[in-house]
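I opened my notebook to record what I looked up in this structure, one entry at a time.

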Amino acid sequence: MTSATASGDFARVRRIVKTDEFSSVFRLRPVQRTAHFVLYARPTELPNARLGVVAAKRFAPRAATRNTIKRVTREIFRCSSLTNVDCIVRLSKPVNTKAGPATTAQLKRELRLEILRLFAPVRLLVTDGAEAL
């Protein structure tokens, strides 16, 4: 799988990395909200979908928790069949405290379910927004 558009990779072309790219997506209204996350999405002319994840330390004080959030989000994004869209997933409410455990199986399950709910309307945006580009 050397192709950057292969569905199983997370190459640099599938990431939002520059500040101005993040800003251009953040200027839009959120597409979807869940208990802990907000999803911003913007149709693009690129041949592949791109993802950015923002997990602030004030909402997830432990690095292990923030890394878990990023890992789960990237895994779900890789498995989705999105094209021509920039997505940013932002943690908007605390998921745990510094006093509790960093990650648990239950926390991972809950995060996975929330993130799956986030990406459901993006598929609709991509299919409906394709004619707009």
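**Sheet.** In this predicted model, I began with β3 and strand β4 (residues 85-91), which pair in the parallel sense over 5 bridges. Looking along this pair, I found Val-54 standing opposite Arg-90 in β4. I then traced the whole sheet, which is open, has 4 strands in the order β1-β2-β4-β3, and shows mixed pairing. Its edge strands are β1 (32-33) and β3 (50-54), each of which pairs on one side only. I noted for myself that strands of a sheet pair through backbone hydrogen bonds, either parallel or antiparallel. Helix α2 (residues 63-79) lies across β2 (37-43), β3 and β4, and I read its direction as about 160° to β3.

**Cores.** Next I asked which residues have the most contacts inside the largest nonpolar core. This core has 25 residues, and the ones with the most contacts are Phe-37, Leu-51, Ile-69, Cys-87, Leu-91 and Phe-119. At least two residues of this core come from each of β2, β3, α2, β4 and α3, and α3 gives the most, with 5 residues.

**Salt bridges.** I looked up the salt bridges and found that the structure holds 4. In one of them the side chains of Arg-50 and Glu-21 meet at 3.2 Å, N to O, and this pair links distant parts of the chain, with Arg-50 in strand β3 and Glu-21 in helix α1 (residues 19-26), 29 residues apart. Both Arg-50 and Glu-21 are buried. Another salt bridge joins Asp-86 and Arg-42, with the closest N and O atoms 2.8 Å apart; here Asp-86 is in strand β4 and Arg-42 in strand β2, 44 residues apart. Asp-86 counts as buried because its relative accessibility is 0%, whereas Arg-42, with a relative accessible area of 23%, is partly exposed. I wrote down that Glu-21, Arg-42, Arg-50 and Asp-86 are linked in a network of salt bridges.

Leaving aside neighbours within four places in sequence, Glu-114 is in contact with Thr-34, Ala-35, His-36 and Phe-37.

Technical notes: Residues are numbered from 1 along each chain as its sequence is written. This is a predicted model: local features need pLDDT of at least 70, side-chain atom pairs count only at pLDDT 80 or more; totals for chains, interfaces and linings use all residues. Side-chain values use heavy atoms; hydrogens and water are left out. Contact means heavy atoms within 4.5 Å. Two strands pair if DSSP finds at least two bridges between them. Axes are lines fitted to C-alpha atoms, for helices over the stretch in contact, and angles run from 0 to 180 degrees between N-to-C directions. A nonpolar core is a set of buried Ala, Val, Leu, Ile, Met, Phe, Trp, Tyr and Cys residues joined through side-chain atoms within 4.5 Å. Buried means under 20% relative accessible area, exposed over 50%, partly exposed in between (1.4 Å probe, protein chains only).
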